[in-house]
Amino acid sequence: MEDVQKRRRSIEERNRIKQKRRQALIRKRRMRSLLLFIIMMIPFIVTGESKASEKPESITIQVNDVYMIEDQETPIFDVDIICTGDDERIIDSENQVMLKNLILELENGNGYNIYTETDGTLEGDYDIKISLDESCQESLLYHWLGNVTICCEGAVLHVENKYGQWQENQFLDYDGNQVKDQFIEVKGETYYLDEQGKPFTGVMRLGLIQYTFDTEGVLIQEAEGIDPEQPMIAITLDDGPGAYTDRVLDVLEAYNSHATFFMVGSNVSETYASELQRMVALGCELGNHTTNHPNLNNLSASQISTEMETTNRLITELAGQEPTVMRPPYGSANSFVAENVGLPMVFWNVDTLDWKTKDVDQIVQHILENAADGDIILLHDIHETSVEALEIAIPLLVEQGYQLVTVSELAEARGVELVDGGSYYSFPTT
Ligand code: ZN
């Protein structure tokens with residue numbers, strides 16, 4: 001991003017210089033006009049009338065080349081109005097129009113149209129075309145004929161790649177650094193530059209997405225799916241949604257990952273409607289963590305039922321999808337609870353103790369040292385420290401080759417069918 005801004009600044013700088021040059025040109029022309037005016041006035045004073053020169057004056061409307069970077073705003077076209085003739089000359093005697101009136105109009109951008117056949121989203125060189133508008137063409141034919149001719153000169157709009165440029169075998173950004181470990185787009189095609197900066201060919205997995213590149217390195221297929229042969233982990237987040245839930249979703253999205261959110265009904269309100277909808281859109285799993293977070297072991301069947309049903313209804317109303325799993329608060333559930341919750345009961349086997357330590361480094365370290373294939377990790381998205389830890393841990397886990405999946409995806413990949421009232425702690429390979 002920084003490079004793009006830098007590049008854009010240099011383009012703006014260049015356009016500013018052109019603008020200045022143009023203003024200088026106009027000043028120069030004004031001085032010249034004044035001088036010409038004085039000279040012209042001499043015969044006028046003597047004879048009492050201005051004598052029209054025989055040859056028509058000529059004006060050139062010249063657009064200059066412009067540079068821009070893909071996806072940035074199209075720059076304002078830089079136009080010079082060049083006139084070599086006598087600008088006091090009357091070109092339309094009926095309306096008493098002098099050449100300089102016409103020049104002023106043109107300088108104000110009237111009388112012509114500029115267009116280019118690009119929306120600036122794809123690199124390349126595009127013609128900037130310029131043409132006189134209808135009224136100007138009409139005036140040339142009927143009012144100014146014989147007095148002035150107008151010539152239009154187009155230019156080129158250079159749209160440059162937003163990532164950088166190939167230079168021999170290296171793709172360099174605008175600071176001259178080689179681009180590595182990154183997706184780039186060149187002329188509408190997507191490539192992935194590996195750790196040596198070479199286009200990756202073949203099949204690559206990144207999170208839950210499988211990318212297929214052809215022998216030239218062009219991305220030809222992008223498919224989401226879990227590879228049962230590759231290791232996977234289920235991250236679970238309790239007690240939300242909250243103020244930091246969106247940040248969890250941001251990092252999950254950036255790394256093509258899923259998680260399961262065990263939400264408390266008392267927090268499931270209109271305030272977090274967009275977070276709930278985003279969970280669904282990103283392929284995350286909705287979990288029920290009761291309505292008031294009680295110890296379910298102390299409740300009657302109907303109380304358990306109310307705790308569960310209220311949250312099921314709240315989540316469904318906001319997310320448009322029902323919770324598929326539940327987690328008993330404090331991880332406490334006896335057989336009576338199991339009989340009454342009406343959903344699979346998901347526990348965990350990696351407890352980060354994030355709510356207790358509230359220490360980002362410790363949480364990250366705990367995850368990295370303890371999490372392995374088939375594990376269910378417990379975290380709480382209501383604490384900012386937990387979310388910060390995930391922002392560090394998720395990229396690292398993905399880099400280590402873990403697929404971050406929902407609880408149900410993990411169970412399915414391991415051939416386990418989740419049943420209502422069943423207890424699940426992890427899904428190791430057998
Ligand atoms: Zn809880």
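Trainee: Let me start with one residue. Is Asp 239 buried or exposed?

Mentor: Asp 239 is buried, because its relative accessible area is 17%. Buried means under 20% relative accessible area, exposed means over 50%, and partly exposed lies in between (1.4 Å probe, protein chains only). Two points on the source before we go on. This is a predicted model: local features need pLDDT of at least 70, side-chain atom pairs count only at pLDDT 80 or more, and totals for chains, interfaces and linings use all residues. Residues are numbered from 1 along each chain as its sequence is written, and side-chain values use heavy atoms, with hydrogens and water left out.

Trainee: Which residues coordinate the zinc ion?

Mentor: First, what counts as a donor. Donors are N, O and S atoms within 2.8 Å of the metal (3.2 Å for Na, K and Ca); water is not among the atoms, so sites may look incomplete. Here the zinc ion is held by Asp 239 through OD, and by His 289 and His 293 through NE2, at 2.1 Å. Along the chain, the donors are spaced as D-x49-H-x3-H.

Trainee: Where do Asp 239 and His 293 lie?

Mentor: Asp 239 is in strand 17 (residues 232–240), and His 293 is in the loop between strand 19 (285–288) and helix 6 (301–319). The pair therefore ties together parts that are 54 residues apart in sequence. Helices (H or I, at least four residues) and strands (E, at least two) are DSSP runs, numbered from the N terminus.

Trainee: How do I read a nonpolar core?

Mentor: In soluble globular proteins, nonpolar side chains tend to be buried together. A nonpolar core is a set of buried Ala, Val, Leu, Ile, Met, Phe, Trp, Tyr and Cys residues joined through side-chain atoms within 4.5 Å. The largest one here has 39 residues, and Ile 235 and Phe 261 touch the most other members. Several elements give two or more residues to this core, among them strand 17, helix 4 (245–254), strand 18 (260–263) and helix 10 (384–399). Helix 10 gives the most to this core, with seven residues.

Trainee: Which residues does Ile 235 touch?

Mentor: Contact means heavy atoms within 4.5 Å. Not counting residues up to four places away in sequence, Ile 235 touches Ala 259, Thr 260, Ile 377, Leu 379, Leu 390, Ile 394, Leu 404 and Val 405. Apart from this core lies another, of 26 residues, including Ile 61, Tyr 112, Tyr 126 and Cys 136.

Trainee: How do I read a sheet?

Mentor: Strands of a sheet pair through backbone hydrogen bonds, either parallel or antiparallel. Two strands pair if DSSP finds at least two bridges between them. Strand 6 and strand 7 (residues 124–132) run antiparallel, joined by five bridges. There, Ile 114 has Ile 130 in strand 7 as its bridge partner.

Trainee: And a hairpin?

Mentor: Take strand 12 (residues 182–186) and strand 13 (residues 189–193), which pair in the antiparallel sense over five bridges. Gln 182 stands opposite Leu 193 in strand 13. Strand 12 and strand 13 form a hairpin with two residues between them, and Lys 187 in the turn has a positive phi of about 50 degrees.

Trainee: Which side of helix 3 is buried?

Mentor: An α-helix has 3.6 residues a turn, so residues three or four places apart point the same way. In helix 3 (residues 134–142), the buried residues include Cys 136, Ser 139 and Leu 140. They lie on the same side of helix 3 because they cover an arc of only 100 degrees around the axis. That arc is taken from the directions from the helix axis to the C-beta atoms. Glu 134, Leu 141 and Tyr 142 are exposed on the other side of helix 3. The cover over the buried residues of helix 3 includes strand 7 and strand 8 (148–153).

Trainee: What is Ser 139 in contact with?

Mentor: Leaving aside neighbours within four places in sequence, Ser 139 is in contact with Trp 144 and Leu 145. Ser 139 has a relative accessible area of 16%, so this residue is buried.
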